[in-house]
Amino acid sequence: MRYIRPQSIEDAVGLLAEPDGTAAILAGGSDLLVRMKGGFIEPDLIIDIKAIHGLGEIRETAEGFSIGSAVPCAVLGENAALKKAWPGVVEAARLIGSKQVQGRCTIVGNLCNASPAADSVPAMVAAGAKAVVVGPSGRRTVPVEAVPAGPGKTSLAKGEIIEAILLDKRPPHAGDAYLRFIPRTEMDIAVVSAGVNLTLDEKGTVKTARVALGAAAPTVLLVEEAAEVLVGSKLDEAALERLAKVCSGACRPIDDKRGTVEFRRKVAGVLARRAATTAYKRAGGK
Amino acid sequence: MAGVAVSTTINGDNVEYLCQPDETLLDVLRDRLGLTGAKEGCGTGDCGACSVILDDRLVCSCLVLGAEAEGRNVETIEGMAHGDKLHPLQQKFLEHAALQCGICTPGFLMAAKDLLAKNPDPTEEEIRFGLAGNLCRCTGYDKIVRAVQDAVSEMKAA
């Protein structure tokens with residue numbers, strides 16, 4: 001086993017694309033080290049990306065925000081501008097693990113670990129976040145929902161690495177929110193979760209909506225029908241009722257020790273409804 | 001297998017060591033450097049017994065590689081007291097009997113120190129939230145929270 005700390009993203013890609021052996025990317029390590037310790041993986045090469053210029057920064061650009069793939073979740077919570085623009089994404093990222101884990105874990109790690117229950121992922125999908133992927137053949141930008149391919153699997157090809165997550169600049173009257181159900185108050189993974197992102201017109205009518213569910217299927221679900229239900233409404237009781245029903249219907253969850261199919265379906269609807277209400281308030285709707 | 005050469009700062013001292021690529025900072029501290037204050041509870045980042053401060057961030061040293069400490073600043077429980085003079089948090093943990101078996105205590109002290117460095121006057125809720133990443137199976141937490149509250153009062157008065 002080797003440990004290498006490349007100084008550039010190109011060097012990281014070169015190392016990842018090496019034909020022999022398995023390579024693992026180390027950012028916060030809160031998934032990687034646990035999996036190594038458990039004997040689930042034994043990489044030949046650990047590529048620590050934290051010394052790569054720019055990967056540890058959140059940049060505010062004309063288009064919005066660019067969050068480097070080595071930025072710990074705690075830092076997201078300390079960025080006032082990001083928190084103001086995308087409170088749902090930040091609250092989701094801040095739910096991951098303890099304070100100790102927050103100082104290390106990253107949203108890109110959360111995405112690439114590809115757990116169906118990843119907290120930051122439904123919030124990013126609702127936000128319409130994009131991932132900047134760098135590989136041997138250059139850079140490409142993909143929607144976040146295109147990255148997870150199944151539990152523990154991503155659509156990234158050999159040699160590819162996510163450099164940053166992009167979030168758009170916010171128009172006026174916009175808000176997002178994320179909620180999850182866990183049986184305790186902290187330090188747990190979602191039994192089921194929902195992220196909602198809304199933009200409103202001046203009168204408080206929903207102009208655009210994105211609704212995403214977590215731990216409700218093998219990968220994060222972007223529920224387009226749920227968005228259609230909200231657009232044109234002022235989030236009245238009838239719209240919320242239909243949102244909950246559509247979300248419950250869209251779930252394809254599993255039965256396990258943390259929740260039954262029936263429970264997850266029901267709670268997905270409840271959480272989508274509550275997250276939508278919060279997002280609406282944050283967008284300035286009444 | 002050749003080791004990774006690391007040069008770092010631990011409790012203000014320059015330290016150099018060789019470690020394996022997959023060796024955790026916790027193992028380096030305990031097994032190579034003899035700093036056995038940080039404890040291995042779970043080894044998977046759930047219990048906080050191995051908490052140290054890495055460049056002003058509280059982390060589980062079991063989830064950090066020894067190699068990652070290169071050029072960085074590590075604070076452990078061994079650096080908390082000044083000679084024979086205990087840190088107010090340590091003193092209050094003793095006075096309030098905020099420990100029984102003691103395995104979790106170094107982690108709680110580091111977490112409490114980190115909390116007070118960022119928020120010198122926390123509410124009870126903020127203390128409980130700030131220490132949520134540290135597990136104690138003996139005390140029921142109440143005495144720990146009281147000890148931290150008392151230390152806050154004393155540190156404010158000082």
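**Setting up**

I number residues from 1 along each chain as its sequence is written, and letter chains from A and number ligands from 1 in the order in which they are written. Since I am working with a predicted model, local features need pLDDT of at least 70 and side-chain atom pairs count only at pLDDT 80 or more, while totals for chains, interfaces and linings use all residues.

**Entry: chain A against chain B**

I began with the contact between the chains, calling two residues in contact if their C-beta atoms, placed from the backbone, lie within 7 Å. I found 22 residues from chain B and 20 residues from chain A in it. On the chain B side, strand 4 (residues 57-60) supplies the largest share, four residues. My helices (H or I, at least four residues) and strands (E, at least two) are DSSP runs, numbered from the N terminus. I then sorted that side of chain B by class and got eleven nonpolar, eight polar and three charged residues. For the classes, I take Ala, Val, Leu, Ile, Met, Phe, Trp, Tyr, Cys and Pro as nonpolar, Asp, Glu, Lys and Arg as charged, and the others, Gly among them, as polar.

**Entry: the domains of chain A**

Next I looked up how chain A is divided: domain 1 covers 57-168 and domain 2 covers 177-282. These bounds come from an automatic or database domain assignment. The two centres, taken over C-alpha atoms, are separated by 20 Å. Across the boundary, 23 residues of domain 1 of chain A touch 24 residues of domain 2 of chain A. On the domain 1 side, helix 5 (87-93), helix 8 (120-126) and strand 8 (148-150) of chain A each give at least two residues. Helix 8 of chain A gives the most, with five residues. That side of domain 1 of chain A has 15 nonpolar, five polar and three charged residues.

I also checked the UniProt record, an unreviewed entry, whose annotation "domain: FAD-binding PCMH-type" covers residues 1-172 of chain A. Its positions are given in the numbering used here, feature names are shortened, and annotations may be inferred rather than shown by experiment. In the model, residues 1-172 of chain A are 30% helix and 26% strand, and their end C-alpha atoms lie 51 Å apart.

**Entry: helices 10 and 11 of chain A**

I turned to helix 10 (residues 237-250) and helix 11 (residues 261-282) of chain A, whose axes come within 7 Å and cross at roughly 140 degrees. The axes are lines fitted to C-alpha atoms, for helices over the stretch in contact, and angles run from 0 to 180 degrees between N-to-C directions. I therefore logged helix 10 of chain A and helix 11 of chain A as oblique to each other; angles under 35 degrees count as roughly parallel, over 145 as roughly antiparallel, 65 to 115 as roughly perpendicular and the rest as oblique. The residues that make the contact include A:Leu240, A:Leu243 and A:Ala244 of helix 10 of chain A, and A:Arg265, A:Ala268 and A:Ala272 of helix 11 of chain A. By class, I noted eight nonpolar, two polar and four charged residues in this contact of helix 10 with helix 11 of chain A.

**Entry: the domains of chain B**

Chain B is divided too, into domain 1 (4-79) and domain 2 (88-157). I read 21 Å between their C-alpha centres. Their contact takes 13 residues from domain 1 of chain B and eleven residues from domain 2 of chain B. Strand 3 (residues 51-54) of chain B gives the most to the domain 1 side, with three residues. I sorted that side of domain 1 of chain B into eight nonpolar, four polar and one charged residues.

**Entry: helix 2 of chain B and its partners**

Last, I followed helix 2 (residues 88-95) of chain B, which packs against helix 5 (residues 142-157) of chain B at an angle of about 135 degrees, with the axes 8 Å apart. Helix 2 of chain B and helix 5 of chain B are therefore oblique to each other. Among the residues in this contact are B:Pro88 and B:Lys92 of helix 2 of chain B, and B:Val148 and B:Met155 of helix 5 of chain B. I counted seven nonpolar, no polar and three charged residues in the contact of helix 2 with helix 5 of chain B.
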